Structures are given as structure tokens and as C-alpha cells.
Amino acid sequence: MLFLQAVRIAWETIRVQKLKSFFTVIGVTIGVTFLIAVVSIVSGMGRYMKDDLIGKLIAVNSFNLRKQPDIQMGDVTEAERRDWRRRPRIQDTDVPAVAAGLPKDVLWATESSDNLNIESQYGSPRRIQSITVSESWFDIKKWGVSKGRLIAPQEYQFGAPVVVIGQDVADHFFPNLDPVGRQVRIQSIPYTVVGVVEKQGSAFGISLDKFLVAPEKSPLNRWVNPHGVIDQMVIQSTDDVGMKEAMEATRAVMRGRHHLHPSQRDDFTLETADSALEFWNKMQSYLVIAGIALPTVGLVVGAIVIMNIMLVAVSERTREIGIRKSLGARRRDILNQFLVESATLATMGAMLGVALGIGFAKLISAVSPLPAAVELWSVIVGVAVGAGVGLIAGVYPASRAALLDPIAAMRQET
Amino acid sequence: MSQQTVDAPLSETAERRAIVGIPGQAPDPKWVIVTRGIKREYDMGGEIVRALRGVDVAIGRNEYVAIMGPSGSGKSTLMNIIGCLDTPNAGEYWLNGQLVSKMSDDALARVRNKEIGFVFQTFNLLPRATALHNVELPLVYAGISSDERKRRAREALEKVQLADRMDHRPNELSGGQRQRVAIARALVNNPSILLADEPTGNLDSQTSEEIMRVFESLASTGQTVVMVTHEPDIAAHARRVVVLRDGLISTDERRDAFTSRLGL
């Protein structure tokens with residue numbers, strides 16, 4: 001009850017001194033603005049990395065059995081690279097063994113790729129990522145076609161010279177034409193386009209539609225990999241638990257085939273979306289810490305400013321304090337009054353900072369490719385930190401006010 | 001402060017001691033204010049100023065008392081102690097049956113809130129608050145709900161004929177009106193005593209009379225009023241006049257005797 005009264009007094013004081021109040025809290029406002037903006041941008045990037053980038057490269061609940069990690073972000077030591085180079089490649093012959101060890105309901109496919117020079121009679125030659133895959137690959141990716149059809153089982157079986165192409169490839173080689181039924185030439189061998197994959201969009205400004213896919217047994221395979229070797233095996237389970245089981249089964253089979261002693265580390269990689277994101281997650285936590293640490297400087301300055309202004313307010317309102325005390329205000333009533341005023345002031349500054357921070361984040365995501373996602377927790381933390389700063393900054397001035405002698409206070413001329 | 005001090009006649013001092021009673025014992029409930037040998041000293045930069053040197057006074061319910069004295073006589077100090085804004089160095093102060101001279105700060109705040117209504121020379125209204133809100137203030141610290149506060153504040157303002165000025169701020173009111181707001185504020189929590197410190201000091205003589213009429217009507221309805229003043233014609237409104245001199249009571253007279261001596 002008295003608390004609400006204190007909030008009311010604080011609100012009225014702030015209302016009659018809008019400009020002064022604004023300047024008082026500007027430090028807190030700037031601090032919170034940066035907190036919200038930085039956290040929003042960092043988490044926006046994180047969400048983008050997870051959902052768009054990695055999510056497009058590695059399908060849900062799936063992992064890749066590879067010689068070495070494909071998606072590398074951050075520091076990899078020279079020793080690690082050397083270790084990776086010495087690893088055995090994944091062989092054709094590994095595939096049936098791994099597949100035999102997998103639980104039921106698990107989809108798998110082989111995948112190899114390289115950038116190859118592609119020609120067509122309608123467009124200039126260009127290097128395009130050319131992928132050879134086995135059956136089920138499109139099922140795992142959950143890709144459909146916007147034109148034509150996917151590769152048929154018989155075509156996989158016999159290694160027919162057919163390709164499914166990405167939207168950008170279709171646009172480049174077959175401008176204003178229906179690519180289905182037309183041909184592209186790869187290393188002078190013609191392949192018939194049977195379908196165009198739905199547009200995948202882009203990640204970090206890089207198009208995800210520049211590729212073509214052919215059956216594993218097609219002639220293309222020998223251009224993307226030496227004989228008997230594959231880049232990776234893509235394995236997908238129906239759920240997270242199933243994926244973990246499949247990973248363990250795969251690991252056991254591969255360790256057996258590579259004759260690894262229990263003390264030796266894996267000489268192959270099981271790459272998941274999480275493992276690819278590991279570096280990003282680490283970096284994100286650093287960025288969030290920086291995003292919190294830097295505004296802290298603003299908040300400390302803000303706290304000092306608030307403390308000063310509150311000290312001025314106490315001495316300006318000495319007479320008011322004396323009057324209130326003469327009317328029965330106890331020390332703690334006066335203490336509460338100034339603490340609440342300081343906290344209310346800072347909270348309002350923080351709220352303004354939240355609004356500005358959200359605006360700032362939206363502005364940055366509008367004018368740059370950086371995405372922004374406003375996190376609820378950062379808003380709550382921002383406002384709470386603002387209120388806390390106000391409370392802490394108010395302690396000293398408020399206790400000075402509370403200890404004033406009512407007679408001396410009322411005698412003061414203002 | 002002069003070394004020569006005029007002491008009250010011995011017999012009167014003894015008489016007053018008998019009235020206020022024995023230290024340590026609760027006084028007769030007919031007295032709302034009892035002070036026993038109150039002393040108050042200040043340290044003014046190394047020099048000890050003895051503002052009160054042993055004041056014994058008893059004020060009964062429904063009394064209308066003026067405390068007079070030249071400046072430096074200790075009347076403001078006595079007023080501060082009676083108003084629980086200050087505590088004595090020695091002696092006892094009983095207010096409405098409570099020994100307040102040894103109370104903590106917060107306990108004194110409660111006593112000020114419940115038992116005392118102040119009226120000051122400089123009005124001491126909050127400049128940014130409306131008349132109504134100023135009158136509400138003691139009730140805020142008494143922990144009374146908002147609706148009840150507003151109702152009682154309105155009543156108090158009606159009593160001083162300011163019902164039409166409730167939403168005005170102090171700077172929109174005349175001196176007399178401000179002092180009436182202050183009186184309404186002093187009365188709103190039904191205090192045991194109304195304590196006025198030079199209530200007409202900042203007012204012209206006509207407005208002073210108007211304020212004194214308010215005090216008169218309050219006293220006639222049974223409100224205990226204690227007023228500090230140095231103006232004899234203001235003190236003349238009281239039914240009893242206590243005169244302080246050099247920190248001691250020099251005379252304590254009923255109205256008839258006092259007015260006749262002044263020739264009023």
C-alpha cells in the first residue's frame with residue numbers, strides 16, 4: 001500500500017521533470033539499448049545458423065559418416081588437420097556393413113560431390129557442385145521437385161545418365177526454357193535433366209540452388225571421387241533417440257572395420273547439426289557475454305549519474321522530507337520513497353532502452369544481412385537490471401534522506 | 001545567553017512540581033501533556049546553549065494554551081519537544097499517557113502521526129501537491145486506504161471552508177487559505193493536540209483574525225490547542241498563557257488574569 005504510494009510520488013516527480021529525468025537515466029537507457037540490440041543480433045544469427053544454414057546442410061535427426069568434418073568454423077589446429085589427412089577414406093565396401101548394423105526405420109544414402117565444369121547449348125560453361133547419391137537421398141533431404149520428377153529406382157540401379165538440377169542451374173543453363181528432357185554435358189558426356197528441385201533460398205548470401213544430382217552409379221561418379229571411395233554416408237532416423245542409436249551402431253561397425261583398439265580415438269567423423277554448431281555455440285556464448293559486459297559499463301556510469309541526481313534531489317527536497325517527517329513519515333517511509341523513485345526512474349530508462357534496442361536490432365536486420373531475433377529473456381534481464389541499478393544507486397541518497405533531522409530539514413529555505 | 005537568569009518564584013515552581021507529579025509515574029489522565037523537569041542543551045560549535053533548564057508544565061484536555069516568550073527563551077525548543085520532533089536531554093515528557101521522551105525515532109514518527117497536528121508559520125505545504133493531497137498526507141503515513149483518505153481529507157477541508165479549493169495547489173491559494181489547508185491537514189487524523197508555531201506570523205492582521213477565529217471555534221468544540229507566539233494580541237485569544245524566560249517558565253496564567261493585565 002505504502003509501496004504503491006511511493007510509486008505514485010515517484011511517478012509524479014518524474015512527470016513534472018521529464019527532461020531532467022530523461023538525462024538522469026540516459027546511461028541506463030544506452031546500456032539496456034545495447035544489451036537488447038547485441039543479444040537480439042547474436043541470437044538472431046544463432047537462430048539463422050541453426051534453422052537456415054546448418055538445417056539446410058544437415059537434415060533433421062540425421063548425421064553424416066565422413067572421413068573428416070565438413071562444416072568447420074573457428075580454430076582447427078594444424079595437428080588436427082594432419083590427423084584428419086591421415087585418416088582412411090570411407091569406402092564403398094563400408095556402406096553395406098554400416099547399413100546392416102543400423103536399426104530398422106533408418107534411412108541411409110551415400111553422397112559424393114565435387115565442383116565440375118558443366119556445359120549446355122543455352123548457357124556459358126560453369127563450375128557447378130555435382131553430387132552423386134544413392135536412393136533415399138532425396139527422402140532424407142525431404143526435397144521435392146518444382147518441375148519434372150526425381151531420379152527413378154531403376155535409374156539408380158542402372159546408373160542412368162540423368163540429373164536433377166537446382167533452380168539456379170536451371171535458370172543459368174536453360175533461360176526461359178523448360179529444362180526437363182533437355183541435356184547438360186559433363187566431361188563431354190550428355191545427361192538428361194529429369195527434374196528441377198524446389199527453390200532452397202540462400203544462407204549468408206550464398207545460394208543453395210547451385211547444384212546438380214546424379215545417380216551414384218552414373219558415369220558422373222568417377223569424376224567426383226576415386227574408384228571405390230565415397231565422401232559420406234547420410235543416415236537419418238525418425239527421432240532423436242533413434243539417431244543416437246544409429247550413431248552408436250555406426251560407430252561400432254566403423255571401429256571394427258578400422259580395427260581400432262578401445263584406447264584409440266575414432267578415425268572417422270559422425271557429423272550432426274549439433275557438432276557442426278559446436279563452434280558457433282561457443283562463439284555465441286562469448287558474444288552474449290561481450291553483449292552483456294559492454295553495456296555494463298554504461299549501466300555503471302548510469303548508476304553513478306542516478307546517484308548524483310538523487311543526492312541533488314534529496315538536498316532540493318530537504319524541506320519536503322522535513323514536512324513529511326513532521327506528519328508521521330518514518331525513516332523507512334522516506335527511504336522507500338527515494339528508493340522507489342530511483343528504481344522507477346531507472347526502470348523507465350530501461351524500458352526506453354528496451355524499445356530503442358528492439359528498434360536498433362530491427363534497423364540493423366533491415367539494412368544488413370544480419371538477422372535479429374528479440375529474446376524475451378533479454379527484455380526481462382534489461383528491465384530487471386535497470387531497476388536493480390536504480391535501486392542500488394538510490395541506497396545512499398535515500399538513506400541520507402531518511403536520516404535527516406526533521407527540525408533542521410524544515411528550517412531549510414528553498 | 002546571559003548568566004543572570006530570572007527564576008520563577010519558588011512557591012510557583014513547587015506548585016507546578018506538585019501538579020505534574022512524581023517522575024517515573026504516569027500522570028493524572030486529565031492531563032494530555034505533562035513535562036517533568038525537561039532540559040535541552042545544544043552544542044553550538046563548542047559552546048553549550050541551555051535552551052530549556054527544567055520545564056514543568058501540565059496541559060489538560062480541551063485547554064487552549066499560548067506559549068509566549070522573547071526570542072531565545074526556549075519556546076521553540078519546548079514546542080519541538082512537545083511536538084515530538086526533538087527529545088529532551090533530561091526530564092520526562094508524557095503525551096496522552098505515553099512516555100515519549102525516551103522513544104525511538106520511528107516510534108516518535110507514529111506519535112507525531114497519531115497524536116499531533118502541526119500548524120507552522122510558513123504553512124509547510126508540499127508545493128506540487130493539491131490542497132486535498134496535502135491534507136491526505138498524514139493519513140497516508142497512518143496507512144489508511146485511498147478512498148477513506150479522500151473522504152476524510154474532504155471533510156477536513158469542508159470544516160475550514162475550503163471545499164471549493166481542494167484541487168488547487170498552494171501557489172494558487174492566498175496566505176489565509178494556505179494556513180487553513182494546513183489546519184485541515186493538522187486535524188485530519190484526529191490528533192490529541194493541535195500544535196501551532198506562530199500560526200499568524202506570515203499573515204496580515206485581518207487574515208490573522210480569520211485564522212484565530214478558526215482556532216477559537218476548534219477550541220470551543222473541545223480540541224486541545226497549544227500555540228507558540230510572541231505576539232500578545234494573538235496570545236490573548238488563548239484561555240491560558242505560559243511565558244518562558246531563559247529556559248524556564250516565568251508565569252503561567254489563566255486568561256482572565258492575563259487579559260486584565262494587558263488591559264484587553
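Before I turn to the helices, a word on terms: the axes I refer to are lines fitted to C-alpha atoms, for helices over the stretch in contact, and the angles run from 0 to 180 degrees between N-to-C directions. Please also keep in mind that this is a predicted model.

With that in place, consider helix α10 of chain A, residues 273–316, and helix α12 of chain A, residues 331–367, whose axes come within 11 Å and cross at roughly 140°. On the α10(A) side the contact is made by I306(A), M310(A) and V314(A), while α12(A) contributes F338(A), S342(A), L345(A) and A346(A). Sorted by class, that contact between α10(A) and α12(A) has six nonpolar residues, one polar residue and no charged residues.

Let me move on to the interface, where 18 residues of chain A are in contact with 19 residues of chain B. On the chain A side, at least two residues each are supplied by α1 (2–16), α11 (318–326), α12 and α14 (406–411), and the largest share, five residues, comes from α11(A). By class, this side of chain A has nine nonpolar, three polar and six charged residues.

Finally, chain B itself, whose secondary structure comes to nine helices and 10 strands. Its radius of gyration is 18 Å, which agrees with the value near 18 Å that a compact globule of 264 residues would have. Buried residues make up 47% of the 264 residues in chain B, and, of the contacts in chain B with a separation of 6 or more, 68% are between residues 24 or more positions apart.

Key: Residues numbered from 1 in each chain as written. Chains lettered and ligands numbered in written order. Predicted model: local features only at pLDDT ≥ 70, side-chain atom pairs only at ≥ 80, totals over all residues. Helix = DSSP H or I, 4+ residues; strand = E, 2+ residues; numbered from the N terminus. Contact = placed C-beta atoms within 7 Å. Nonpolar A, V, L, I, M, F, W, Y, C, P; charged D, E, K, R; others polar. Rg over C-alpha atoms; globule rule 2.2 N^0.38 Å. Buried ≥ 20, exposed ≤ 12 C-beta atoms within 10 Å, placed from the backbone.
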